[in-house]
Amino acid sequence: MRDSAAIAPPRLLKRMPGELAHRYSGWAQLEGLAFLFTAALVTAAIWWLLSTVNEWTRASVSVGRFYAGSFMWMFPSLTLGLFAGGIVVPVIFKWCLGQSYAGLAAYEDGVAGDVQIKANRFILGMLPIVAVITAVQIWNFHAFFGVRRIEIRELTDLSSHSYSYSDVAGIVTSLYTTAPNGRLVYGQDYLVYFRDGRTWGTHSNGYGLSDLQKQEIALFVSRKSGKPIREVKGIP
């Protein structure tokens, strides 16, 4: 991030806001568009790379083991794309405009204000940290239904949770699930209840499971645990 007070000469900072706006408002809009284009381009490239690596390294995993779907890698990709846009675009414009870039920086900082400038710097510095944390959590995100045990690690978990099939308290299914906005969404899904109060559902996990995979998991858990699959009106 640039500091306009450091790169702009004093006489430039004393100019009337209207003069700066007349000269640099168009460049500011162009820089904004360049930021969006760069962020989108980098996001797409990183998302493709992470998704490809995820598929290559986990293409031969055993049956019953499920990892994050490729769409979940969009979040760390987006945060890195925004970070790249915030770093690369000002450098490119500074190179293109030369000394005139000081005026553009002064105009943009004047429009944003001190509070917004500090907030933007903080957010920009946090983006790579957030990207790394989410990437690690997504990489460790999994569900494994083995012969004797079930192992689950959700996106917000710091470690895996392991269960025997005797820990399964019940299994329910419904043609409707409840969306975050409270509306019912059509689609056959299953929800497994464990005796410790935790649940695992095919409707709220980012594995990208097909309808057949969902059914196979539920039937397998039902057979191993001895718990029947009960049909309910809606899965919460």
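Is Thr43 buried or exposed? I looked this up first. Thr43 has 7% relative accessibility, so Thr43 counts as buried. Buried means under 20% relative accessible area, exposed means over 50%, and partly exposed lies in between (1.4 Å probe, protein chains only).

**Entry: ground rules**

I noted that this is a predicted model, where local features need pLDDT of at least 70, side-chain atom pairs count only at pLDDT 80 or more, and totals for chains, interfaces and linings use all residues. Residues are numbered from 1 along each chain as its sequence is written, and side-chain values use heavy atoms, with hydrogens and water left out.

**Entry: the whole chain**

I counted 6 helices and 8 strands in the protein chain. Helices (H or I, at least four residues) and strands (E, at least two) are DSSP runs, numbered from the N terminus. The order from that end is α-α-α-β-α-α-β-β-β-β-β-β-α-β.

The chain has 236 residues, and 39% of them are buried. Accessible areas come from the Shrake-Rupley method with a 1.4 Å probe; for residues, only the protein chains shown count as cover.

I also checked contacts (heavy atoms within 4.5 Å). Of those between residues at least 6 apart in sequence, 65% join residues at least 24 apart.

**Entry: back to Thr43**

I placed Thr43 in helix α3, residues 17-57. What does Thr43 touch, not counting residues up to four places away in sequence? I found Met74, Ser77, Leu78 and Gly81.

**Entry: strands**

I followed β1 (65-67) next. Strand β1 pairs with β2 in the antiparallel sense, over 3 bridges. Two strands pair if DSSP finds at least two bridges between them. Arg65 stands opposite Phe144 in β2.

Strand β2 also pairs with β3, again antiparallel, over 4 bridges. These two strands form a hairpin, with 3 residues between them. Which residue in β3 is the bridge partner of Phe145? It is Ile150.

**Entry: nonpolar cores**

I wrote down a general point first. In soluble globular proteins, nonpolar side chains tend to be buried together.

A nonpolar core is a set of buried Ala, Val, Leu, Ile, Met, Phe, Trp, Tyr and Cys residues joined through side-chain atoms within 4.5 Å. The largest one here has 15 residues. Phe145, Ile150, Phe194, Trp200 and Val221 have the most contacts inside this core. At least two residues each come from β2 (142-145), β3, β5 (168-178), β6 and α6.

I then looked around Ile150. Leaving aside neighbours within four places in sequence, its contacts include Phe144, Phe145, Tyr163, Val168 and Phe194. A second, separate core has 8 residues, among them Phe93, Leu97, Tyr101 and Tyr107.

**Entry: helix α6**

I found Ser222 in helix α6. Its relative accessible area is 15%, so Ser222 is buried. Not counting residues up to four places away, Ser222 touches Ile171, Lys227, Pro228 and Ile229.

**Entry: salt bridges**

How many salt bridges does the count come to? The count is 2. A salt bridge is a side-chain nitrogen of Lys or Arg within 4 Å of a carboxyl oxygen of Asp or Glu.

One joins Arg198 and Asp157, at 3.0 Å from N to O. Arg198 sits in the loop between β6 (184-194) and β7 (199-201), and Asp157 in the loop between β3 (149-153) and β4 (161-164). They are 41 residues apart. Arg198 is partly exposed at 26% relative accessibility, whereas Asp157 is buried at 10%.

Asp189 and Lys214 form a salt bridge too, with their closest N and O atoms 3.0 Å apart. Asp189 lies in strand β6 and Lys214 in helix α6 (residues 211-225), so this pair ties together parts 25 residues apart in sequence. Asp189 is buried, at 6%. Lys214 is buried as well, at 12%.

**Entry: a surface patch**

Phe122, Ile123, Met126, Ile129 and Ile133 make a nonpolar surface patch of about 490 Å². Patches are made of residues with over 30% relative accessible area and no salt bridge; like charges are joined within 9 Å, and nonpolar side chains (Val, Leu, Ile, Met, Phe, Trp, Tyr) within 5 Å. I located Phe122 in helix α5, residues 101-140. Phe122 has a relative accessible area of 57%, so Phe122 is exposed.
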